[in-house]
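Please look over the model below before reading the points. They are written for someone new to it.

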Amino acid sequence: MVGNRRGEASRAVLLEAGKDAFSQQRYGEVSIVDLARSLGVAAGSISYHFGGKRGFYLAVLELAAEEFWGDLLAMRGPAVDRLAQGVDKLLDRAAQQPGSFEALIADVADAEVRQIRDRHRQRIAAALAMEITGTESTPVFRAAISGCLSFIEGIVLHWMRTEEITREQVRDLVLANVFGSVLGALRVDPQIELTQRVMDAAMSESPLLSLFLGPQAVPNPVESME
């Protein structure tokens, strides 16, 4: 048991170091020998735990995706608040771990990386559908969510690569697109039903609604009661 704990601890240390390395350098630029030397371990320890550099790289990307998922699960509060928190956490990870983030989003030519990305993407899409509709929802809604996630990935990559717009603008565009995607799906497919908590949250969040409806289109709670 002691040996297992030590092995797990050693593996965790290597993964954290790999996360830092692959976040700042491309795959071909990372030297396993140099990385092991910086940690004071034998280079063979990486092969022992991960089967080599390739396995190590994939394990680091899997860790990055799992950590983001863990962040999402830990969020608390109303639906709209958690949506905003989730966007902020995504932008934090994009800024702090740019290499890992870009590899997961943009390296679609790599089948194994794409498999990791798709698995976690499907999990997030399913969670969003369940949060918003209470079920797996309809094909139209699932397509809308998939397109929304593609938009989010694309605009965050654009922000990372060009810095032409601010983080706040990226955040507002993402939130507006989520609301817009849901609204568009509702118009196309009348069978979609939103959960009551989502409807209540949306109607109470005028600033968020105004991102895509415009301030003049947001109902005044007082007027709606008259």
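The points below cover helix packing and aromatic rings.

1. This is a predicted model, in which local features need pLDDT of at least 70, side-chain atom pairs count only at pLDDT 80 or more, and totals for chains, interfaces and linings use all residues. Residues are numbered from 1 along each chain as its sequence is written, and side-chain values use heavy atoms, with hydrogens and water left out.

2. Helix 4 (residues 53-74) packs on helix 7 at an angle of about 10 degrees, with the axes 10 Å apart. That makes helix 4 roughly parallel to helix 7 (under 35 degrees; over 145 is roughly antiparallel, 65 to 115 roughly perpendicular and the rest oblique). Helices are DSSP runs of H or I with at least four residues, numbered from the N terminus. Axes are lines fitted to C-alpha atoms over the stretch in contact, and angles run from 0 to 180 degrees between N-to-C directions.

3. Residues of helix 4 in contact (heavy atoms within 4.5 Å) with helix 7 include Tyr57, Leu61 and Trp69, which meet a set including Val113, Ile116 and Arg123. The residues of this contact divide into 11 nonpolar, 1 polar and 6 charged. Here Ala, Val, Leu, Ile, Met, Phe, Trp, Tyr, Cys and Pro count as nonpolar, Asp, Glu, Lys and Arg as charged, and the others, Gly among them, as polar.

4. Helix 6 (residues 98-106) also packs on helix 7 (residues 111-133), at about 90 degrees and with the axes 8 Å apart. Helix 6 is therefore roughly perpendicular to helix 7. Ala103, Leu104 and Ile105 of helix 6 touch Val113, Ile116 and Arg117 of helix 7. By class, 5 of these residues are nonpolar, none polar and 1 charged.

5. Helix 5 (residues 79-96) and helix 8 (residues 139-162) have axes 11 Å apart, at an angle of about 40 degrees. This makes helix 5 oblique to helix 8. Leu90, Leu91, Ala94 and Ala95 of helix 5 meet Ile152, Val156, Trp159 and Met160 of helix 8. The contact has 8 nonpolar residues, with no polar and no charged ones.

6. Ring pairs join Phe22, Tyr27, Phe50, Phe56 and Tyr57 into a cluster. The structure has 5 aromatic pairs (ring centres of Phe, Tyr and Trp, the last by its six-membered ring, within 6.5 Å; planes under 30 degrees apart count as stacked, over 60 as edge-to-face and the rest as tilted). Lys53 lies over the face of Tyr27, 4.4 Å from the ring centre (NZ of Lys or CZ of Arg within 6 Å of the centre and within 35 degrees of the ring normal).

Technical notes
Helix = DSSP H or I, 4+ residues; strand = E, 2+ residues; numbered from the N terminus.
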